Amino acid sequence: MSSDHPELDIAALLGADALDATEANEAELVERAVGRDGAAAQELASFVETAALLGWAAAEPPPPGLRADVLAAIGSTRQLPPVVPRRAARRGRGRGLLAAAALVLVAAVGVALVANRDGGSGVDQEVAAVLAGADRVVTLVGTGPGEVRVAHGRDDGALTVLARGVPAAEPGTTYQLWLVTADGGTRSAGLFSAAEGGDDGTSTTRLGRPADADFDRLTALAVTREPARGSPAPTGPVRYQAPW
Amino acid sequence: MIDGPEPRARRRGRGPSDPDLRLLGGPADRGATADALLARVALGDRDAFARLYDVISPAVYGIAVRVVRDRAQAQEVAQEAFVELWRTAARYDRSRGSATSWALTIAHRRAVDRVRRETASRERAARSARLDLTEGEPANETAEANLDRQRVRHALDTLTPAQRQSIELAYYGGYTYPEVASLLQIPLGTVKTRIRDGLIRLRDALGVGE
């Protein structure tokens, strides 16, 4: 119910995930699922607390030199800024100002609803602007790491790809986004390379409005990897997908 | 050790008026202490970090030793985990769990990443033979660690042997559940179920979330 892939039983994975015993792709699926499913999030949190007690049970005195080494190491390590999240309102004390600022931004551009539906934690203004102008955002997941969000522009019907944590397409290849209809037909919506970008690694590619695409008949979006100039029909396995 | 930085850092904050330092009465106090310290670490407070180190380093190091099985490597893993904790402290999301569980998750992931990079299956097989929590305690362990160990041991005793084996292989052995399935020659779904059901029992036996 909480998953774009009902065939993958996220609930069954929560235990293994709390023990870091899932495969990388599954960990991503769990991460996304708990982002939208409060009950699953709560169960995962309780398992993580339980796993921590397994950790305490293994406690033993660290070697005496470790403390000084660690303190020296952090002395030359810059801290990362907080990720200003879509769940800003739920964040606790200590980041009040940043969280408040994020809320104002989110409210101002009117993306609260969209941001709640989607699994990312975009920090770029560009990303925020794309999301603000979208009447629909779909998050595609699959066999590769990361996720691909596709935003459909409210005013112009253009599609924009927001790829986060997706490996850049290898030289000579590209990612291609496909619009899938109920009869299994596919139509190319454009190409993107998923080069790194943004504070959290999100890259943004505007694909424009697909010619004579009937979005009412779409059933799914899919991404494959194709030769550099793209293909008329998908040739590679589906890397990321989601129902439309 | 007497003249090291540790006593100085502690002295500065110690006192009945400092709620951070009603330390080490048990897991609940320890948790509250770590929560308060981590909030300050997120703001760049190095003293708070040093004190957080004092609270959680036995667990961080112990996890690393259990999973990687090599003390020199475990020390590296523990150091990496602490540096990551420092770097990412501002990204801690308390809605996902307590500060200690977050910190120990980082430590466990670091340890697991280390062993998963080892391709030598020989070493992994050797590790798997030595997972039992009831095997010898470390020398000079603290009274507190002993208490934790007793509690968890009792809780583990409430599991079926099959549940316990799967959880120990996954957590202390650092195996993925497909690896556990392969080691035990049972279906993937069975492993997932054993781990989840076992964690539910452990959680209830340990009173997590109460």
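Okay, let's start with the salt bridges: searching the whole structure turns up 15 of them over all chains. By salt bridge I mean a side-chain nitrogen of Lys or Arg within 4 Å of a carboxyl oxygen of Asp or Glu.

Before going on, this is a predicted model, where local features need pLDDT of at least 70, side-chain atom pairs count only at pLDDT 80 or more, and totals for chains, interfaces and linings use all residues. Residues are numbered from 1 along each chain as its sequence is written, chains are lettered from A and ligands numbered from 1 in the order in which they are written, and side-chain values use heavy atoms, with hydrogens and water left out.

One of those salt bridges pairs A:Glu147 with A:Arg32, with 4.0 Å between the closest N and O atoms. A:Glu147 sits in strand β2 of chain A and A:Arg32 in helix α2 of chain A, so the pair ties together parts 115 residues apart in sequence. Helices (H or I, at least four residues) and strands (E, at least two) are DSSP runs here, numbered from the N terminus.

For angles, axes are lines fitted to C-alpha atoms, for helices over the stretch in contact, and the range is 0 to 180 degrees between N-to-C directions.

Now the sheet. It's open, with eight strands in the order β5-β4-β7-β8-β1-β2-β3-β6 (chain A), and the pairing is antiparallel. Strands pair if DSSP finds at least two bridges between them. At the edges are β5 (186-192) and β6 (202-208) of chain A, each pairing on one side only. From one strand to the next, the twist averages 25°. Strand β3 (residues 159-164) of chain A is joined to β6(A) by six bridges, and A:Leu159 stands opposite A:Gly208 in β6(A).

So what about the two chains together? Contact, meaning heavy atoms within 4.5 Å, takes 77 residues from chain B and 55 residues from chain A. About 6100 Å² is buried between them, 61% of it from carbon and sulfur atoms; that's accessible area (1.4 Å probe) lost on being put together, summed over both parts.

Across this interface the rule finds four salt bridges. B:Arg109 forms a salt bridge with A:Asp20, at 3.0 Å between the closest N and O atoms.

Definitions and conventions: Buried area is the accessible area (1.4 Å probe) that two parts lose on being put together, summed over both.
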